[in-house]
Amino acid sequence: MEVTAESNSWRDELASLVGDTGIRLNGDSIAVSAKPSSAAAEEEEETAESLKDQIKGFAKAWGELAVELGRGCRDVVRQTILTDDSYIVKKTKGPLAEVSEKLRFLNEFLPEDRDPVHVWPVIFFVFIVALAVLSVNSKHDGSISTVKRVSIHPPSGVRILLPDGRYIAYHEIGVPADKARFSVIVPHGFLSSRFAGILGIKVSLLEEFGVRLISYDLPGFGESDPHSNRSLNSSALDMSHLAVSVGINGKFWVLGYSSGSLHAWAALKYIPDKIAGAAMLAPLVNPYDSSMTREEISSTWRNWTRRRRSLFYLARKFPKFLNYFYSRTFLSGKHGQIDKWLSLSLGKKDKDLVETSAFEKIWQRDVEESVRQNNPKPFIEEAMLQVSNWGFNLVDLQVQRKCPKKGIFPWLNFMYTQPECELTGYLGPIHIWQGMDDTVVPPSMTDYVARVLPTANVHRLPGEGHFSYFSLCNECHRKIFSTVFGSPQGMLYTVDNNNTVSKDDEAEETLFQTM
C-alpha cells in the first residue's frame with residue numbers, strides 16, 4: 001500500500017509539471033484517453049485568442065517603445081537645450097516668465113487636484129488638433145462650393161472708326177437720334193464698360209424726358225481698340241469724334257460717375273464748345289492734386305482701405321507692379337465681390353445694394369465685358385491717369401474774366417476802342433451729386449470741387465453712399481433728370497423735311513385749329 005501511494009504521488013507530481021497529456025498509466029500498461037470534443041473546441045478557441053493577444057501585445061510593446069523614445073528625447077532636450085547655461089534658455093527665460101506670470105490667473109479655472117504643468121500641454125494639444133480638423137473641413141467645404149467663372153460673350157457692340165485708325169465700341173439706349181431732345185454721353189469708370197451707363201436706368205424714363213443715352217468702351221476696354229499713348233486730352237477727342245459719328249447735332253451733355261468723371265472733366269477742359277452741361281455723380285478727382293488743402297487730403301485718404309491706398313501709391317510710383325494684383329483679382333478669370341475686387345470699404349446701405357441679385361447680375365455682366373481682352377495694360381493706364389498729372393487743374397475750369405494785359409499796344413487800342421474782356425473756363429452748368437456716407441469717393445473731394453468751382457451746383461445727399469442713390473433707383477434717376485433737364489416734355493418727332501416739334505406743340509396746334 002505504501003508503494004502504491006508513492007507511485008500515485010509521483011504520477012501526480014509529473015502530471016502537474018507537464019500538464020494533462022491524456023496519457024494514463026495503469027500499472028504496467030499505458031493507456032491513451034481521448035479528450036472530450038468540448039475540450040478540443042476550447043483549445044482551438046484559446047489558440048485563436050492567443051493570436052489576438054499577440055497582436056495586442058505587439059502594439060502595446062511598440063507603444064511602450066514610443067513612450068520611452070519620447071522620454072529619452074525629452075531627457076536629451078533637458079540635458080542639452082533646456083539647461084541653465086543654454087543660449088535659448090537665457091534669451092527666452094525672462095520673457096516666458098513674464099508671460100507665465102500674466103497668464104497665471106488661468107490656473108484658477110483648473111480643478112484643484114490637477115497640476116497645471118500637465119494640464120495645459122494637454123489643452124494646447126487638443127486645441128491644435130481642433131484647429132487642424134476645422135482647417136480640413138473648411139478646405140473640404142471650399143472644394144465643394146463652385147466659383148463662378150468669367151464668361152466671354154460674342155461681340156455685340158457697334159464700332160466706329162476714329163481718325164487715327166482705331167475702332168471704338170458704343171452702346172445706345174433711349175430715344176432715336178432724330179427724336180432726341182437731349183443727348184448724353186457717359187464715359188465709364190474703372191473695371192466697367194459701355195454696358196454700365198446709368199446703372200438700372202429705365203428706357204421709359206429716357207423716353208419720358210426725350211433723352212438719348214450713349215455709353216462707350218474706353219481704349220482697351222470691351223471691344224474698343226487700345227491707345228498707344230493715352231491721356232485725358234486724347235480721351236476728350238475720342239468723345240468728340242464719337243459724338244460726330246453717331247449723328248449728334250449741336251452740343252451734348254456729359255455724365256461722369258465715380259472714376260469715369262476723369263473723362264468728363266477732360267471734356268469740359270478740351271472740348272467745352274461741344275458740351276451743353278455736365279452731371280457728375282460722386283466725381284473722383286486726383287487725390288494728389290496740389291491745390292487740395294491738407295484737411296481735404298487727410299479726409300479723403302482716411303476713408304480708404306489700406307489696400308486701396310497702396311494701389312494708388314503703386315499706380316503713381318511703380319505702376320508695373322499693379323499687374324500682379326490685377327491678375328489675382330478681376331483678371332483671374334473668376335467673379336468676385338465688387339468691394340473685394342476694387343478694395344473698397346462700403347457703408348451699410350451700399351452693402352445691402354451690392355448683395356442683391358439684380359445688382360450682382362448687372363455688375364458681373366459689366367465686368368465680363370470690361371475684361372474681354374484679358375489685358376492688364378488698359379487698367380494700369382486708367383489707374384495711372386487717376387493719380388498722375390492731368391495736364392490741367394480743376395481751377396482752370398473756373399469761370400473768370402480775362403482782360404487785355406497792360407502795355408503800350410493795349411493802351412493805344414484803349415485810346416480808339418473799348419477794351420473787351422472775355423470769360424474763360426467752362427461756362428456751362430455743372431451739377432454734382434454726392435452721398436454723404438460715400439467711402440469710395442469721400443465728400444471731401446466734392447468739398448474741394450465746390451471750393452475751386454463756386455458756380456457748380458452741389459447736391460449733397462445725407463444717408464446715401466456711393467451706389468445707393470445712383471444705381472437701380474428709378475426715383476433717384478427721375479430727380480436727377482428733373483434737376484438737369486427740367487420737366488419731362490417727351491421726345492421730338494419729325495415732320496416736313498427736318499422740322500421738329502414736340503408732342504406738346506402738336507397738341508397746342510391741334511387745339512388752335514379746332515378753335
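Is F190 buried or exposed in this predicted model? With a relative accessibility of 16%, F190 counts as buried (buried is under 20% relative accessible area, exposed over 50% and partly exposed in between, for a 1.4 Å probe and protein chains only). The model is predicted, so local features need pLDDT of at least 70 and side-chain atom pairs count only at pLDDT 80 or more, while totals for chains, interfaces and linings use all residues.

**View A. F190 and F379 form an edge-to-face aromatic pair.** Their ring centres lie 5.7 Å apart, with 75° between the planes. (Rings of Phe, Tyr and Trp, the last by its six-membered ring, pair if their centres lie within 6.5 Å; planes under 30 degrees apart are stacked, over 60 edge-to-face and the rest tilted.) F190 belongs to the loop between strand 5 (182–187) and helix 5 (203–209) and F379 to helix 14 (residues 376–387), so the pair ties together parts 189 residues apart in sequence. (Helices, H or I of at least four residues, and strands, E of at least two, are DSSP runs numbered from the N terminus.) F379 is buried too, at 1% relative accessible area.

**View B. Helix 6 (residues 232–245) packs against helix 7 (residues 261–270).** The angle is about 80° and the axes are 8 Å apart (axes are lines fitted to C-alpha atoms, for helices over the stretch in contact, and angles run from 0 to 180 degrees between N-to-C directions). The two helices are therefore roughly perpendicular (65 to 115 degrees; under 35 is roughly parallel, over 145 roughly antiparallel and the rest oblique). Helix 6 brings L232, N233, S235, A236 and M239 to the contact, and helix 7 brings L262, H263, A266, A267 and Y270 (contact means heavy atoms within 4.5 Å).

**View C. Helix 16 (residues 443–452) is mostly covered.** Seven of its ten residues are buried, namely P443, S444, M445, T446, Y448, V449 and V452. Among the elements covering them are helix 7, helix 8 (294–302), strand 11 (430–435) and strand 12 (457–461).

**View D. Q364 sits in helix 13 (residues 357–370).** Q364 is buried, at 8% relative accessible area. Leaving aside neighbours within four places in sequence, Q364 touches K148 and H335.

Terms used: Residues numbered from 1 in each chain as written. Heavy atoms only, no water.
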